[in-house]
Amino acid sequence: MGNAMSVAGDDGDGDMRDFSRRGVLGLGLGAAAAGIAGCGSGSGGGTGPGSPGAVKNPPPGRKPAARPIGDGSTADTGPQPHQPDKPVPLQPGETPPQFVVFSWDGAGEIGNGLFPRFLKLARDHGAAMTFFLSGLYLLPESKKDLYQPPNNPAGASDIGYLKDENVRATLSCVREAWLDGHEIGTHFNGHFCAGSGSVARWTPQDWRSEIDQAVSFVTNWRTHTGFTDLEPLPFDYRRELTGARTPCLLGQDGLLPTAAKLGWRYDSSSPGGLQVWPVKKSGVWDLPLQSLPFPGHSFEVLSMDYNILANQSKNTTRGVPANYPGWRTQATATYLGGFRRAYETNRAPLFIGNHFEEWNGGIYMDAVEEALKSMADKRDVRLVSFRQFADWLDVQDPKVLARLRELAPGQSPAGGWSAYLTAA
């Protein structure tokens, strides 16, 4: 890919593909945090995310009719609120929108208030996001033996199970997220990144088992937890689930055949990409995290909070506090530098990956918030979910998309957009 990243203490190859694997090892939320800062029961208000034309909550005082599914953990409440207008093809010579997707791995609320913080930020700025929910975050640890991970012992997981109060908070936040118009994808379950049980070794059949179990944990949380005082998740998860990101960005080749059979629309598990317009792999849109300019360095960094951290504090999540202000500025400039490179040239979509974590004093959460605020008010910018972006891609003329893919990172269309896409 031509963009090396060197990190003190790595194994010396400096290769982005390898670093991306190691840079996200062991991620996921911890098992506990005190002081739940929970979500509500769904906002039902605001303008809604996902670009102009977003609608469509029921009138005030009217909730959509719910059809319980299974044990009542989920319910079919009809079309998702706050979705953009139906996408249309680009017209000859039209300037493409600048799409930006903010996505979250794990997507659990452990009491640090980050899930509700970013739900509010999204509402304030008309943004839609993708939340890759880990299925285990809805399974109590007392029931962990229900999980049969491929090539690993029953109940095993490389991320912690959540305390019951954190499961409750996560359910409330996921419910609110969907009602606000965000996408609920999957980050699967046990987050295995090393050894013989690593997801890198999983077969399509292994992935099918893992997906079926993730769906089961989401659709049977009421049975597994015994909670009777929480409303159901307001969607049919089997229909809702259209994409994923694998643990540590490993195992995409094994996953894609299963994703295609399930009718998934996209996958965001490639171990690293460039800021160019995407292609399909095995009939599924390949939407990878991307190499972004890294201020102060000659190499580029993957568009994920942990990978920026690993270059700053060398894989420790608690670096020297005196460095935090400079690192926060550098992280923000990384996101905004990648945004400007695309916005001012080839208009390639920008994909940013995050975790609800307070690494290095929470500076990466601050950087993401500042970057989103700076992007949101720019002309032609669409802050969307992966699914919404896939919807837009699917209605475009393949010749136009092919023309867009000819533009390298930072390359402007010859003669401007009107001439460049009219020729397509």
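**Figure 1. The disulfides of the protein follow the pattern 1-2, 3-4, with bonded cysteines counted along the chain.** A disulfide here is a pair of cysteine sulfur atoms within 2.5 Å. By this rule there are two disulfides. In general terms, a disulfide is a covalent bond between the sulfur atoms of two cysteines. This is a predicted model, in which local features need pLDDT of at least 70 and side-chain atom pairs count only at pLDDT 80 or more, while totals for chains, interfaces and linings use all residues. Residues are numbered from 1 along each chain as its sequence is written, and side-chain values use heavy atoms, with hydrogens and water left out.

**Figure 2. A disulfide joins C39 to C173.** The S to S distance is 2.0 Å. The link of C39 and C173 is right-handed, with 90° about the S-S bond. It connects distant parts of the chain: C39 sits in the loop between α1 (16-23) and β1 (67-69), and C173 in helix α3 (residues 164-179), 134 residues apart. Helices (H or I, at least four residues) and strands (E, at least two) are DSSP runs, numbered from the N terminus. Both C39 and C173 are buried. Buried means under 20% relative accessible area, exposed over 50%, and partly exposed in between (1.4 Å probe, protein chains only).

**Figure 3. C193 and C248 form a disulfide.** Their sulfur atoms are 1.9 Å apart. The link of C193 and C248 is right-handed, with 90° about the S-S bond. This pair, too, links distant parts of the chain: C193 is in the loop between β5 (183-186) and α4 (204-219), and C248 is in the loop between α6 and α7, 55 residues apart. C193 is buried, at 11% relative accessible area. C248 is buried at 2%.

**Figure 4. R245 and D105 form a salt bridge.** A salt bridge is a side-chain nitrogen of Lys or Arg within 4 Å of a carboxyl oxygen of Asp or Glu. Here the closest N and O atoms are 2.7 Å apart. R245 lies in the loop between α6 (237-240) and α7 (252-261), and D105 in strand β3 (residues 98-106), so the pair ties together parts 140 residues apart in sequence. R245 is buried, with a relative accessible area of 0%. D105 is buried at 5%.

**Figure 5. D394 and R265 meet in a salt bridge.** The N to O distance is 2.6 Å. The two residues belong to distant parts of the chain, with D394 in helix α11 (residues 386-394) and R265 in the loop between α7 and β6 (266-267), 129 residues apart. D394 is partly exposed, at 39% relative accessible area.

**Figure 6. D377 forms a salt bridge with K378.** The closest N and O atoms are 3.4 Å apart. D377 is exposed, with a relative accessible area of 62%. K378 counts as partly exposed, at 35%.

**Figure 7. Salt bridges link five residues in a network: R117, R328, D366, E369 and K373.** A search of the whole structure finds 22 salt bridges. The protein has 13 helices and twelve strands. Of its 424 residues, 57% count as buried. Contact means heavy atoms within 4.5 Å. Among contacts between residues at least 6 apart in sequence, 76% join residues at least 24 apart.
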